[in-house]
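Visitor: I have a few quick things to check in this one. Can we go through the side chains together?

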2 protein chains.
Amino acid sequence: MAHNIVLSASTAATKCSSQVWRAALKKAMDANKSLPNAKYIQVATTGANASMDDQNDESGFPAIRTVVFRGFLDRDPTKVTFVTDKRSKKVGDFAVNNKCEICWYFPKSREQFRLRGFANVITNESTDEIDIRDRSISWKKMRPGARGQFAWPEPGQPRLPEHEEAYDVDRLIENEDEFENMWPKDNVLENFCLVTVDVNRIDHLKLKGNKRYLYSREQNSEGDTRSNNSANNEEEEKNEWMVCELCP
Amino acid sequence: MAHNIVLSASTAATKCSSQVWRAALKKAMDANKSLPNAKYIQVATTGANASMDDQNDESGFPAIRTVVFRGFLDRDPTKVTFVTDKRSKKVGDFAVNNKCEICWYFPKSREQFRLRGFANVITNESTDEIDIRDRSISWKKMRPGARGQFAWPEPGQPRLPEHEEAYDVDRLIENEDEFENMWPKDNVLENFCLVTVDVNRIDHLKLKGNKRYLYSREQNSEGDTRSNNSANNEEEEKNEWMVCELCP
């Protein structure tokens with residue numbers, strides 16, 4: 001099991017369904033939906049070329065950035081999704097180590113969810129049929145104006161005078177139809193990536209009342225949580241998770 | 001230099017003072033001060049025992065959590081501070097690798113600051129005189145009720161019936177004087193830690209207007225940014241940082 005705590009015999013760690021933590025998260029989302037930033041999550045990676053030894057160069061630093069939560073995957077609601085640009089640094093980070101953690105703070109209800117899991121980056125080179133479909137669906141859900149960002153100059157590179165025109169979207173922003181013509185639903189831009197995170201641990205902290213719950217997915221006999229996709233098999237899924245109440 | 005980009009000859013990377021990014025951050029804080037959560041920052045570490053090889057155990061996961069920003073250090077305004085419990089997992093994470101990244105999202109002005117640096121955890125065992133004083137000052141600034149949390153049961157351990165009494169602070173919460181008597185200013189609890197992060201890179205993204213700036217501290221001749229503490233030497237400090245505009 002993926003706990004970082006010792007579960008003593010006296011501890012009430014019980015089996016549960018993913019529905020329990022998903023319902024807690026859904027409740028927090030509903031309670032905070034009036035706040036636009038309740039849809040923003042922070043994603044941490046260990047950083048590409050992470051090394052513990054060298055304190056003098058860039059290696060060994062974790063990376064953390066804010067992304068927009070794009071919903072759970074319809075066909076597997078334990079997978080969190082967000083989108084990114086193929087040229088962004090996080091795609092390189094995930095290529096080195098796809099373990100990541102998501103932090104979600106809900107200001108109104110004063111709750112924090114930390115979701116840990118394995119990221120799968122679906123690029124234009126992905127060959128898996130389901131991945132290709134998921135990426136395409138995700139592209140269609142983007143607002144037309146947001147789609148155009150994937151045609152911008154390479155993120156993180158020095159900004160030069162010749163780049164300016166690309167960012168001048170103000171002239172179009174009032175007119176979504178023009179965006180729709182420029183970046184149509186049916187033409188997924190090559191830099192567009194869908195990231196799905198297969199969550200295997202959730203640390204839920206409620207500052208109101210000082211409550212904390214740790215949910216963790218039990219490993220299957222192959223010891224690989226990533227191959228579990230039993231959302232369609234409710235009976236099996238019911239026993240796939242453990243929950244334990246922790247000291248905050 | 002600690003850039004992760006190649007600065008070409010045509011790039012306007014210029015020397016600057018830390019005052020430039022500190023002013024940008026101050027401006028964002030002022031613009032968002034009506035939002036209580038504008039004081040919450042997310043801190044990422046690479047996690048204790050990080051290993052890239054083993055995908056089946058807990059190692060190799062970054063960790064990310066929300067903490068309250070406790071201001072910059074008076075004697076060095078390039079150091080971000082927050083507090084933590086000595087028994088919390090992040091203290092162990094920092095002991096293995098003190099490189100960290102802070103993400104600060106400001107909802108109202110739609111700005112993100114990513115601050116990267118080296119954490120220094122000041123515990124009750126710290127022997128450095130300046131550290132001891134910083135920790136004591138920080139303790140005094142805590143609200144009396146918040147001080148009591150450092151006497152709570154060990155965070156992250158399974159919660160047991162005998163723990164309940166500790167969290168029952170509702171009976172006192174109306175009366176700050178009682179807290180002040182229980183957890184006085186002059187008695188720093190042993191689990192109380194002050195964390196100072198010596199920032200050496202700031203990635204500032206402004207979603208309004210699609211602007212992005214990267215500030216990075218130049219390494220001194222010893223290649224160690226941590227020993228730089230030239231806030232008192234304004235002439236020297238002016239030339240210590242570089243700033244470059246990036247593609248968002």
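This is a predicted model: local features need pLDDT of at least 70, side-chain atom pairs count only at pLDDT 80 or more; totals for chains, interfaces and linings use all residues.

Visitor: Start with A:Lys15. What does A:Lys15 form a salt bridge with?

Guide: The partner is A:Glu218, and the closest N and O atoms are 3.4 Å apart. A:Lys15 lies in strand E1 and A:Glu218 in the loop between strand E9 and helix H8 of chain A, so the pair ties together parts 203 residues apart in sequence.

Visitor: And A:Glu218, buried or exposed?

Guide: A:Glu218 is buried, with a relative accessible area of 18%; the cut-off for buried is under 20%.

Visitor: What about chain B, which residue pairs with B:Glu245?

Guide: B:Glu245 forms a salt bridge with B:Lys211, at 3.5 Å between the closest N and O atoms. That pair links strand E10, which holds B:Glu245, to strand E9, which holds B:Lys211, 34 residues apart. B:Glu245 is partly exposed at 24% relative accessibility, and B:Lys211 is partly exposed at 27%.

Visitor: Which residues are in the network with those two?

Guide: Salt bridges with shared partners join B:Lys211 and B:Glu245 with A:Arg159 and A:Glu164 in one network.

Visitor: Which rings make up the cluster in chain A?

Guide: Ring pairs link A:Phe69, A:Phe72, A:Trp104, A:Phe106 and A:Phe113.

Visitor: Where does the charged end of A:Arg116 sit?

Guide: Over the ring of B:Phe61, 4.1 Å from its centre. In the other direction, B:Arg116 lies over the face of A:Phe61, at 4.1 Å from the ring centre.

Visitor: Last one, A:Asp203. Where is A:Asp203?

Guide: A:Asp203 is in strand E8 of chain A, residues 192–206. A:Asp203 counts as buried, at 5% relative accessibility.

Visitor: What does the side chain of A:Asp203 join to?

Guide: A polar contact of 2.7 Å joins it to the side chain of A:Arg212. Beyond neighbours within four places in sequence, the contacts of A:Asp203 include A:Phe113, A:Arg114 and A:Tyr213.

Definitions and conventions: Residues are numbered from 1 along each chain as its sequence is written. Chains are lettered from A and ligands numbered from 1 in the order in which they are written. Side-chain values use heavy atoms; hydrogens and water are left out. Helices (H or I, at least four residues) and strands (E, at least two) are DSSP runs, numbered from the N terminus. Buried means under 20% relative accessible area, exposed over 50%, partly exposed in between (1.4 Å probe, protein chains only). A polar contact is a pair of N or O atoms within 3.5 Å; within protein, one must be able to donate a hydrogen and the other to accept it, and residues adjacent in sequence count only if both atoms are side-chain atoms. Contact means heavy atoms within 4.5 Å. Rings of Phe, Tyr and Trp (its six-membered ring) pair if their centres lie within 6.5 Å; planes under 30 degrees apart count as stacked, over 60 as edge-to-face and the rest as tilted. A charge sits over a ring if NZ of Lys or CZ of Arg is within 6 Å of the ring centre and within 35 degrees of the ring normal. A salt bridge is a side-chain nitrogen of Lys or Arg within 4 Å of a carboxyl oxygen of Asp or Glu.
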